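Subject: Structure for your files

Dear colleague,

Here is the structure I said I would pass on. My notes on what I found follow below it.

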Amino acid sequence: MAFVQFSQVSLAFGDRDILKNVTVNLQTGTKAALTGANGAGKSTLIKIMAGLIKPDSGSRTVQKDSRIAYLPQSGLTHHGRTLLDEADQAFEFGYKIQEEIDRIGDLLTKNPPNTENLLIQQSDLMTKLEDSGWHRRKATAESVLIGLGFSREDFSKMTEEFSGGWQMRIALAKALMQNPDILLLDEPTNYLDLEARTWLEQFLQNYKGGFLLVSHDRYFLDVTINEVYELFGGDLKRYPGNFTHYEKVRAVELETLINQYEQQQQEIQHLEDYIRRFGAKASKAAQAQDRQKRLDKIVRIEIPESLKKIHFSFPKAPHAGKLVLRLNGITKSYDGQKNVLNNLNLTVENGERLVVAGHNGAGKSTLLRIIAGEDRNFSGEIIPGAGVQIGYFSQDNAETIKGSETIIDCIEKEAPLELIPKIRDMLGAFLFRGDDVFKTLDVLSGGEKSRVALLRLLLRPVNLLILDEPTNHLDMHSKDVLQDALKDFGGTVIFVSHDRQFIENLATKVLELKPGLFREFPGDYHYYQERLEAEAQGIIAGGTINGNDESTSSTAAGKSKDTNASLGAGNGASSSAQTSLSYEEQKALRAQKSKMEKEVARLEQEITKAENEKKTLENQMANPEVYSNGEKCRVIQQKISELDKVLESLNEQWETAAEALG
């Protein structure tokens, strides 16, 4: 069993202890999360685990031949290769093993005295190479890349053509394709949409190695891990169970800690008051000195800013009518040929929390820019309701944050008078704590500027908030604060997010976009997911519409009330008759499924046959009559190479057939 173990690891930056005698063991089968407040040292610890940073003290032990793959939060770029060629770099370890196998094969042709040892080495290497999945590398690369959102058209593109977020997807893909014994992933979901996150969840659920990951996505953690390590004040503590269980257990612990903190603060306050009042009086000097000694001996309980309860409310939303927004026939194309949005109709009513869902490139951000008035190059009509005042946030807002004033001055200048006393708490909720509030805007990072831009927007009295990925650059605590504030918001919200739990807790309605297509689901995100699952299983029909085609909709089986998903119904109406699969359609589906099952079975037989043939040839390589004969050895090696190509092709066909079968 592969493992990497850390014993009594300590690290300090200046006078601050980041890690204090930390001990942890990661091994095959580990499914763990590393959590803690921002600045607690999570990324530092994971870099020590990866061997990139040396601790001040303690030991790091890695079992021989254990392979570790590490993915940082950001900063990786790729260039000079096509996407597929870059992906192939993940299999470098396999090429090295194959080179060693070939080297030993060449030695064996010379009939060396240590033949038996060489044969054992070669056999071990062949087994190691087979177990690593190296022979299936092409199929693995394509499967992982498509799972993470790349298209087959992307495979031949040069890597430098991809943006920063896609660069990190390439890096994530390479880490996964290495199939290491231990995966160390620092915020792997940062640049993934919901579909790619779902694929990664399934990948990690089935992963046979061990992994430790840092993430601010609760849902992602809940479905992938079974233990949590928390960094708190330099100490590392393990909690068995998923992330929700950890939070429940930790909440009880923190309640006790916070009570102790508050009692200690009262004691400190009393001692300081006494010293301040009587320290200069000769008659009380002895008592004051005694209290000073008691004060100096107190071991201070530290409560991170992220654990302090913070709640804020938006300025009161201006009054608006029941109808907030109507979109008629919105059509948008960037190249004049392919429509990103095609004849989209939508009605938004007061108080709704509408999430816009869909794959990357489906037009989500485009639609939000159009509604916000940032993009006017489209056809169709937008009709705002009476009194509607829009506030719009996107990651591009960070570019407007500039100047020499401090963060706190910037926010205080724009905050309504009644919110001025809460500014420090609000800044803390958006991760500006302590002296951070005195940073000038010009020195802020892109993520910090995005948080300032979001907070500035939330301070304005609007009644329609349009938010494009508002939870990016926020930790869990900050997401909770924002989510609670949005729930209490007196206006309407239209938003895009890749955070599953944030969507589930906020959305009351779903608009699904596909390139040129749209469907409206008047229900929460759970209902939307149930509908998609029911469609995938053939329980209900999943109609599509394009432009002015007739709309259809259907209801999920077992629903107690008749809630229809409007598939492109004009003016947001949810009209249409229920539809279900006819007998002939069901018969055709069963026939297709039976055909695919037979194809999968046939391919599995072919793969087994080819693998047995390869094993027979590899056994022949151990025969002295073969390995001592250079010509026979070359012939068999050639046959093995040909079988490798056959197996690669068969595995690709099997994956395609299995995916079609579902």
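Helix α1, residues 42-49, lies across strands β1, β2 and β4. Its direction is at about 135 degrees to that of β1. Please keep in mind that this is a predicted model.

The strands under discussion make up an open sheet of three, in the order β2-β1-β4, with antiparallel pairing. From one strand to the next, the twist averages 15 degrees. β2 (16-27) and β4 (57-62) are at the edges and have a single partner strand each, so one side of each has no neighbour in the sheet. Strand β1 covers residues 3-13 and is joined to β2 by eight bridges, the two running antiparallel. Within the sheet, valine 9 is positioned opposite valine 22 of β2.

The other item is a helix pair. Two packed helices are described by the angle between their axes and the distance between the axes. For helix α12 (residues 407-414) and helix α14 (residues 446-458), the angle is about 20 degrees and the axes are 9 Å apart. Angles under 35 degrees count as roughly parallel, and α12 and α14 are therefore roughly parallel to each other. The crossing of α12 past α14 is right-handed.

Which residues meet where α12 and α14 come into contact? From α12 they are Ile407, Cys410, Ile411 and Glu414, and from α14 they are Val452, Leu455 and Arg456. Sorted by class, this contact of α12 with α14 has five nonpolar residues and two charged ones, with no polar residues.

Regards

Conventions:
Residues are numbered from 1 along each chain as its sequence is written. This is a predicted model: local features need pLDDT of at least 70, side-chain atom pairs count only at pLDDT 80 or more; totals for chains, interfaces and linings use all residues. Side-chain values use heavy atoms; hydrogens and water are left out. Axes are lines fitted to C-alpha atoms, for helices over the stretch in contact, and angles run from 0 to 180 degrees between N-to-C directions. Helices (H or I, at least four residues) and strands (E, at least two) are DSSP runs, numbered from the N terminus. Angles under 35 degrees count as roughly parallel, over 145 as roughly antiparallel, 65 to 115 as roughly perpendicular and the rest as oblique. A crossing is left-handed if the near helix is turned anticlockwise from the far one by less than a right angle, and right-handed if clockwise. Contact means heavy atoms within 4.5 Å. Ala, Val, Leu, Ile, Met, Phe, Trp, Tyr, Cys and Pro count as nonpolar, Asp, Glu, Lys and Arg as charged, and the others, Gly among them, as polar. Two strands pair if DSSP finds at least two bridges between them.
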